[in-house]
Amino acid sequence: MNGAGNGTVPSTRRTEIEDLIRRELELHLRHARYDPSTCAHLCRRLCASIRNKAKQLNGSKPKTVVNVILGQDNEQEVHVAVRTVADPLGDEVASAVFRNRHLFAIGLVHEMNESEPR
């Protein structure tokens, strides 16, 4: 996954956010094992950490939505599609993927202007 997936060249902001997502996933999941009883808590913690750090970067949009998907890695292929109602001229969508021997994670950040209702 790379950004909005619309074939455009990634913006500097999107690249910064993708790097941030990668670093956070690596930091928190490097030695993690998949455990369904703790994944919900881990997702919440990762979302909060990514959101807080994204908002600290210059140029943060008024509304930032973060999603983290965790799953067990049994050496299978994983395909994920995400659609959002975003303004391609003002909103940013960034993503990054992490994988170790036990789990996979996908981090998504949607930064939106709140000027118009969606």
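The legends below describe a predicted model of one protein chain in several views.

Residues are numbered from 1 along each chain as its sequence is written.

**View 1. The protein chain has two helices and three strands.** Along the sequence the pattern is α-α-β-β-β. Helices (H or I, at least four residues) and strands (E, at least two) are DSSP runs, numbered from the N terminus. Of the 118 residues in the protein chain, 38% are buried, where buried means under 20% relative accessible area, exposed over 50%, and partly exposed in between (1.4 Å probe, protein chains only).

**View 2. Residues 1-9 have pLDDT under 50.** pLDDT is the predictor's confidence in each residue, from 0 to 100. For residues 1-9 the model has 15 contacts beyond four places in sequence, a contact being heavy atoms within 4.5 Å. The mean pLDDT of the protein chain is 83, and 84% of its residues reach 70 or more.

**View 3. The largest nonpolar core has 22 residues.** A nonpolar core is a set of buried Ala, Val, Leu, Ile, Met, Phe, Trp, Tyr and Cys residues joined through side-chain atoms within 4.5 Å. Ile21, Leu25, Leu29, Ile50, Val68 and Leu70 touch the most other members of the largest core. At least two residues of this core come from each of helix 1 (12-29), helix 2 (39-56), strand 1, strand 2 (92-99) and strand 3 (103-112). Helix 2 gives the most, with seven residues. Not counting residues up to four places away in sequence, Val68 touches Leu25, Cys43, Leu46, Cys47, Ile50, Ile106 and Gly107.

**View 4. His110 lies in strand 3.** His110 counts as buried because its relative accessible area is 7%. Leaving aside neighbours within four places in sequence, His110 is in contact with Lys63, Thr64, Val65, Asn67, Val82, Thr84, Glu92 and Val93.

**View 5. Ile69, Val78, Val80 and Val82 make a nonpolar surface patch of about 240 Å².** Patches are made of residues with over 30% relative accessible area and no salt bridge, with like charges joined within 9 Å and nonpolar side chains (Val, Leu, Ile, Met, Phe, Trp, Tyr) within 5 Å. A salt bridge is a side-chain nitrogen of Lys or Arg within 4 Å of a carboxyl oxygen of Asp or Glu. Accessible areas come from the Shrake-Rupley method with a 1.4 Å probe; for residues, only the protein chains shown count as cover. Ile69 is in strand 1 (residues 63-72), and its 31% relative accessibility makes Ile69 partly exposed.

Conventions:
This is a predicted model: local features need pLDDT of at least 70, side-chain atom pairs count only at pLDDT 80 or more; totals for chains, interfaces and linings use all residues. Side-chain values use heavy atoms; hydrogens and water are left out.
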